[in-house]
Amino acid sequence: MRTTLGISRAAMVFTAIGALALTGCGDDGGSGKGKPDKSSGGGKGSSSSVLLPKLDGEKLSVAAVWTGAEQANFVKVLKEFENRTGATVTFVPAQDPIVNFLGTKIAGGQPPDVAMIPQVGAIQQAAQKKWAKPVGAEAKAQLAKNYSKVWQDLGAVDGTQYGVYFKAANKSLIWYNAKAFENAGASEPKTWKDFLATAETVSASGVTPVSVGGADGWTLTDWFENIYLSQAGPEKYDQLAQHKIKWTDPSVKDALTTLAQLFGKPSLIAGGADGALQTEFPASVTQTFTGGDQPKAAMVFEGDFVGVNIAQTKAKIGTDAKVFPFPAVGAESPVVTGGDAAVALKDGKGAQALLTWLGSTDAAKIMAEQGGFISPNKALDAAAYPNEVQRTMAKALVAAGDAVRFDMSDQAPQSFGGTPGKGEWKILQDFLKNPKDIAGTQAELESDAAKAYKS
């Protein structure tokens, strides 16, 4: 199933974000049906929401592309699983593209027990290659209890459940340095036209308006997708995501033309195009929220997970770091989501127990409390999130229910939508350098997409 977060229901909820920014083990020997553990990973004294087996002495490994604070926060979730089951879990750092990384591990006879897969297309590839193992009954029960149908469908291939979505992301937010906006006399824009005007206002105050993490090509795909979804609408978005229309379609030209209104003005981008292409995503955030009232940039676009990187600075979310929805290019602001699903790559009780754990409210609560994370788990109490901004983003995601639609590049074959230095990532990096060549960019995108979707 190929989808993205719809713009109508969720967008209405997200208009509130800017305003808010202002203001133990089982006892059955491992049957998978042990007694509930009374120690909740999210807080003392609360009862467990999930039954886990005894796994004393079992060694498991989990691979993910997460680094830094995000990795550290996830390890806390794995540690609680260890506490409850007696297993030992090792975090294995993976690299993009994760399908290639996993292929190397599998060829070497050492696949991780579970992989956190960030692309729908990669889950489909893992299933087609027969690497992925179907989700067991206990994990399916957690999914049925805690997840909307759309999140279950996103982790399924040809009717078989393979993925348990642990993390979701709203990828339609622009975070800004409140002091820089205040000094410039700038206000939160609601439309793309207003956004460009705001950028010019900030620039006139002596601060470069926009930080772009162009060294990571996926950030550029997110820029394109938000503009495209708002401008072309969800039906066209779904058609392009499935390659039912070509990248030479006039709607793509319109979106690239709109994006060029920003990319074509180097003075609006921190370091210009060359600087942006040397700036990785984490630095694009931290340079926006350091430097006092003279940061390297006043705004940075990306998802709710930006909060993890802001936490590495002295800025406080809701006070120093505020957020507004991605400006409307068409009738409404877009809302695009992404996510990471746990997929078992080994048969066995341990891997299945880990999927069950990651589908539980208890596991989601531990990660939510750390910040910079949103769970698609609809049973999670929003009080688990550390601030009102985060709570509102999470509530909006859950409220969207089955209207959720997914990041376009993450739906594509990984060779096109998820490989550094290739496909859409590389072509949009080239477009950042030369935003005048819209026709050439379209032709390259279509050429690479046609090859990828046929393979």
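## Two helices that pack together

Axes are lines fitted to C-alpha atoms, for helices over the stretch in contact. In this predicted model, the axes of helix 11, which spans residues 250-263, and helix 20, which spans residues 423-433, come within 9 Å and cross at roughly 55°. Helix 11 and helix 20 are therefore oblique to each other.

On the side of helix 11, the contact is made by Leu 256, Leu 259, Ala 260 and Phe 263, and on the side of helix 20 by Leu 428, Phe 431 and Leu 432.

## Helix 4 and the residue after it

Helix 4, made of residues 120-128, is mostly covered, since seven of its nine residues are buried. These buried residues of helix 4 are Val 120, Gly 121, Ala 122, Ile 123, Gln 124, Ala 126 and Ala 127. Following helix 4 comes Lys 130, and the phi of Lys 130 is positive, near 65°.

## Asn 226 in helix 9

Asn 226 belongs to helix 9, which covers residues 217-232. With a relative accessibility of 0%, Asn 226 counts as buried, because buried means under 20% relative accessible area.

The side chain of Asn 226 takes part in a polar contact with the side chain of Ser 172, at 2.5 Å, and a polar atom of the Asn 226 side chain also lies 2.9 Å from the backbone oxygen of Asp 222. When residues up to four places away in sequence are not counted, Asn 226 touches Lys 171, Ser 172, Phe 301, Phe 326, Pro 334 and Val 336.

## Glu 70 in helix 2

Glu 70 has its place in helix 2, residues 68-85, and Glu 70 is buried, with a relative accessible area of 16%. Leaving aside residues up to four places away in sequence, Glu 70 touches Lys 167, Val 308 and Met 367.

Glu 70 can also be set beside Gly 372: these residues are 302 residues apart in sequence, while from C-alpha to C-alpha they are 7.9 Å apart in space.

## Gln 152 in helix 6

Gln 152 is found in helix 6, which runs over residues 149-154. A polar atom of the side chain of Gln 152 lies 3.5 Å from the backbone oxygen of Leu 143.

Definitions and conventions: Residues are numbered from 1 along each chain as its sequence is written. This is a predicted model: local features need pLDDT of at least 70, side-chain atom pairs count only at pLDDT 80 or more; totals for chains, interfaces and linings use all residues. Side-chain values use heavy atoms; hydrogens and water are left out. Axes are lines fitted to C-alpha atoms, for helices over the stretch in contact, and angles run from 0 to 180 degrees between N-to-C directions. Helices (H or I, at least four residues) and strands (E, at least two) are DSSP runs, numbered from the N terminus. Angles under 35 degrees count as roughly parallel, over 145 as roughly antiparallel, 65 to 115 as roughly perpendicular and the rest as oblique. Contact means heavy atoms within 4.5 Å. Buried means under 20% relative accessible area, exposed over 50%, partly exposed in between (1.4 Å probe, protein chains only). A polar contact is a pair of N or O atoms within 3.5 Å; within protein, one must be able to donate a hydrogen and the other to accept it, and residues adjacent in sequence count only if both atoms are side-chain atoms.
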